[in-house]
Amino acid sequence: MIDIHSHILPKVDDGAEDIEMAIEMAKIYLENGIKTVVATPHYFERNIFTAKENTKKILEDLKIELDKEGIDIEILLGNEAYISMDLVKDIEEGYLSTLNGTRYLLVELPMLDIPLYVENVIYELLLKGYVPIIAHPERNAKIIDNPNILYNFIKKGALAQLNLPSLEGKYGEKIRETAEILLNHNMIHFLGTDAHGSIRKSPRVSKALEILKTLVSDDDFHSLTSNNPILLLNDENIRIKEPIKYNAKKSFLSRLLPSKKAEGI
């Protein structure tokens, strides 16, 4: 698996507290079969600590320490950019890092709301040749209430990344349910650990990957864990399945009926 959402860089945001924690996170990544990670420190309003020039230097220092420890892991540079009207400007002026310098940008929404200008930002990014990837939409309160908000963003050209810990219920049952809904409706295109170094936000995701295997087809599992992120890192086009509009009433009725898996079909 390739992780496109990680806070492994030390001392830049609320992720790894120091170099020792970052090294420990790298070890855990390898234990969980993850050999490529995109470091995505939080970015908002040209914060100098998480802007490109600073994070680039911190990443180089981390790579030196990992080499000293004999830890063979590839860490690439990006940002998790808080949604704003200035994202294109910040990219073009060298403050904000896209994922591995590609056209793809990880974008964070507020947890409790959807700003009115989100569609305008999606449009502007696409117009300038950038592709927004909505980070952990399953955790957004408005999308939890109405998954079709994400459906509309995807129809307009955005993509979406799921936090693997959501599948284990680490953020709560409602978020876990929403994660499954989004997966079942072709609204997720990438995975991330969103690892911060804490127990709740750890790179230990082997259990979540096993859960994922029970929720999606083998082809979709491969796309989410390998194919799509490889295309992303190579700055290539990603063909996605048509998203399916969520029907809450139909979904409720389907839970009342025996599933095909339960019937042995």
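## Strands S2 and S4

Let's start with the ground rule: two strands count as paired once DSSP finds at least two bridges between them. In this predicted model, strand S2 (residues 36–39) and strand S4 (residues 74–77) are joined by 4 bridges and run parallel.

## Strand S1 and the crossover

S2 also has a link to strand S1 (residues 2–6): 3 bridges join S1 to S2, and the two run parallel. Here Asp3 sits opposite Val37 in S2. To get from S1 to S2, the chain passes through helix H1 (residues 19–31), and this β-α-β crossover is right-handed.

## The six-stranded sheet

Moving along, there's an open sheet of 6 strands, ordered S3-S5-S6-S7-S8-S9, with parallel pairing. Which strands sit at the edges? They are strand S3 (42–43) and strand S9 (190–192), each pairing on one side only.

At the S9 end, strand S8 (residues 159–163) connects to S9 through 3 bridges, and the two run parallel. If you want to find this in the viewer, go to Gln161, whose bridge partner in S9 is Phe190.

## Helix H9 on the sheet

Helix H9 (residues 218–233) packs on the sheet, where H9 touches strand S6 (104–108), strand S7 (131–135) and S9. As for orientation, the direction of H9 makes about 100 degrees with that of S9.

Definitions and conventions
Residues numbered from 1 in each chain as written. Predicted model: local features only at pLDDT ≥ 70, side-chain atom pairs only at ≥ 80, totals over all residues. Heavy atoms only, no water. Contact = heavy atoms within 4.5 Å. Axes fitted to C-alpha atoms, helices over the stretch in contact; angles between N-to-C directions. Right-handed = clockwise from strand over helix to strand, strands pointing away.
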